[in-house]
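Dear colleague,

I am handing over the structure we spoke about, and below it you will find my notes on what turned up in it. Please read them with the model open beside you, so that you can look up each residue as you go.

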Amino acid sequence: MPKVSVILASYNHEKYIAASIESVLNQSFGDFELLIFDDGSTDNSQKIIRSFRDDRIKLFLYEKNRGSYHATQDALKSARGKYLAIHHSDDIWVKNKLERQVQVLDENPEYAVCFTQANFIDENGEIYDLPEEHPYKYVFQQRNRTRQEWLNQLFHFANCFCNPSALGRNNLEDFPMNRRLLQLPDYFMWIKLCQRKNVYVLDEKLINFRLRRAEQNSASSLSTANLIRFSNEIYFTVREYLELLRDEQEFLKIFPEAQKYLIDGQIDTKFAFAQLCLEEKFPAYRKLGLEILYDLLHNNKRATLIKKLYDYDEKNFARDTGNYDVFGVTANLQRLNCQIEAGGEFFEKLTYVRPDGNFFVRFDIFAQNKISKLNFRLNDKGALAIKFLKVLVNGEFVKDFSSSAIHVAEDFHIFLSAPTLEIPCRNSANQLQVEILGVVDQNYLQKFEVMYRQTCAKIQEQAAQIAELQDTQDKILNSKSWKTTEPLRFIGKFLRKILR
């Protein structure tokens with residue numbers, strides 16, 4: 001019975017698979033079995049895998065790709081070792097990796113999994129010194145923590161464990177796989193594990209983790225589908241924290257920052273967790289936070305409690321649902337950068353154009369000097385045709401404003417550059433509220449482009465006609481008949497004129 005079962009997952013890594021296998025076979029700790037699962041590679045990976053001759057190798061080569069979940073499940077069920085090691089077909093182990101990790105787990109039965117630090121290598125196997133801004137630069141450089149502290153770290157900073165460095169005890173409960181996740185199964189697995197058991201990070205770089213300089217790692221590529229899927233999987237994964245909200249003491253150990261929601265010895269853990277979610281910038285967290293608050297307010301007893309403890313009710317919820325754009329509505333809207341000059345002071349505001357073209361902006365102005373007029377400006381070339389429906393100063397309609405428009409047609413002001421309004425103030429004051437409601441003709445630029453092209457086409461057509469006439473005239477003037485007959489015609493006209 002081998003002490004370690006090494007699970008090597010392979011898929012279309014013909015360039016790297018040999019080095020990956022060799023790094024296992026050359027380990028200083030030799031009491032292991034190597035289970036290689038190739039998930040239907042379409043390159044030469046399986047041929048390379050078959051070329052290795054070692055009694056410790058067991059092959060599971062599939063004809064069709066079934067997905068990493070199924071291959072990993074087969075591997076876990078087939079493993080006979082006391083410990084399980086996860087390996088990837090494009091990474092390389094340092095020679096004493098297994099030896100050091102087996103020692104840690106043998107001596108520390110309280111740890112379920114042991115991870116290591118990592119070096120980075122590129123597609124050519126060269127050491128890859130990542131730039132400071134690279135997201136992987138420091139992600140694996142973690143100090144050891146309690147399982148509650150790890151859960152806090154995983155919540156705020158996502159996965160921070162080097163998955164292909166993991167060595168754990170052969171217990172299927174310690175490797176809870178989620179077949180519904182394609183990109184974040186590791187993240188889900190370690191959150192579930194840390195809810196029950198402790199892990200350890202060995203402060204030694206015992207794996208060469210491959211990162212292509214061209215960022216071609218399939219799970220990390222920036223394709224649109226992967227970006228969308230990543231956001232959705234973050235949402236599904238963070239939901240696993242809901243199981244931790246039943247025990248108040250455990251919750252506060254995981255999230256000590258939630259102590260501010262402990263009022264007179266009472267805390268609503270769901271409300272506190274929802275607020276922590278809303279404080280995160282990622283939309284998936286905020287969506288979960290709003291869902292929790294929605295459900296709390298639907299429960300009369302809980303709604304009464306959070307009103308008492310936090311003075312939070314449906315009005316606050318309505319404010320939050322208007323502040324947190326979890327569905328990216330504004331990302332699809334045209335932005336308008338608005339500016340008002342009042343008495344030499346400048347006030348700026350960002351607003352959005354709705355799909356129907358309507359926009360609204362309000363300025364609350366507190367100026368040092370009294371203001372007699374305002375200059376409103378839109379720093380946006382995408383708003384060159386605007387109908388101003390309402391211009392209000394302190395609630396009063398202003399009709400005698402002037403604009404920098406070159407033309408007004410059907411109440412739309414047409415501008416050549418950034419639109420500007422001059423707005424008079426009837427009663428000079430230091431404090432003003434200015435509201436502007438308008439409609440942007442979002443198709444104006446397209447219409448203008450069509451008109452421009454049509455005009456250019458007409459000009460080109462007329463130029464061609466002129467050129468054709470000029471060419472005809474030149475041919476006539478240069479012809480022999482013109483040269484012989486035209487002088488006679490001129491003499492005849494001259495004699496007729498005289499004889500009269």
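This is a predicted model: local features need pLDDT of at least 70, side-chain atom pairs count only at pLDDT 80 or more; totals for chains, interfaces and linings use all residues.

As a general point, an α-helix has 3.6 residues a turn, so residues three or four places apart point the same way.

Asp106 and Lys82 meet through their side chains in a salt bridge of 3.9 Å, N to O. This pair links distant parts of the chain, since Asp106 belongs to helix H4 (residues 97-107) while Lys82 lies in the loop between helix H3 (68-78) and strand S4 (83-88), 24 residues apart. Asp106 is partly exposed, with a relative accessible area of 37%, and Lys82 likewise counts as partly exposed, at 48%. The other pair is Asp129 and Lys137, whose closest N and O atoms are 3.1 Å apart in their salt bridge. Here Asp129 counts as exposed, at 62% relative accessibility, whereas Lys137 is buried, with a relative accessible area of 15%.

Next, please turn to helix H11. Which residues of helix H11 (residues 300-310) are buried? They are Ala303, Ile306, Leu309 and Tyr310, and because they cover an arc of only 140° around the axis, they lie on the same side of H11. On the face of H11 turned away from its buried side you will find the exposed residues Asn300, Lys301, Thr304 and Lys308. The N-terminal end of H11 is capped by Asn299, one of whose side-chain oxygens lies 3.0 Å from the backbone nitrogen of Lys301. Just after H11 comes Asp311, which takes a positive phi of about 55°.

Two further residues also have a positive phi, although neither is a glycine. Asp264, in the loop between H8 and H9, has a phi near 50° and is exposed, with a relative accessible area of 76%. Asn394, in the loop between strand S12 (385-393) and strand S13 (396-397), has a phi near 55° and is partly exposed, with a relative accessible area of 43%.

Finally, is Glu240 buried or exposed? This residue has its place in the loop between helix H7 (224-238) and helix H8 (248-254), and at 16% relative accessibility Glu240 counts as buried, because buried means under 20%. If residues up to four places away in sequence are left out, Glu240 touches Phe188, Ile191, Lys192 and Gln195.

Conventions. Residues are numbered from 1 along each chain as its sequence is written. Side-chain values use heavy atoms; hydrogens and water are left out. Buried means under 20% relative accessible area, exposed over 50%, partly exposed in between (1.4 Å probe, protein chains only). Helices (H or I, at least four residues) and strands (E, at least two) are DSSP runs, numbered from the N terminus. The arc is that of the directions from the helix axis to the C-beta atoms. A polar contact is a pair of N or O atoms within 3.5 Å; within protein, one must be able to donate a hydrogen and the other to accept it, and residues adjacent in sequence count only if both atoms are side-chain atoms. A salt bridge is a side-chain nitrogen of Lys or Arg within 4 Å of a carboxyl oxygen of Asp or Glu. Contact means heavy atoms within 4.5 Å.
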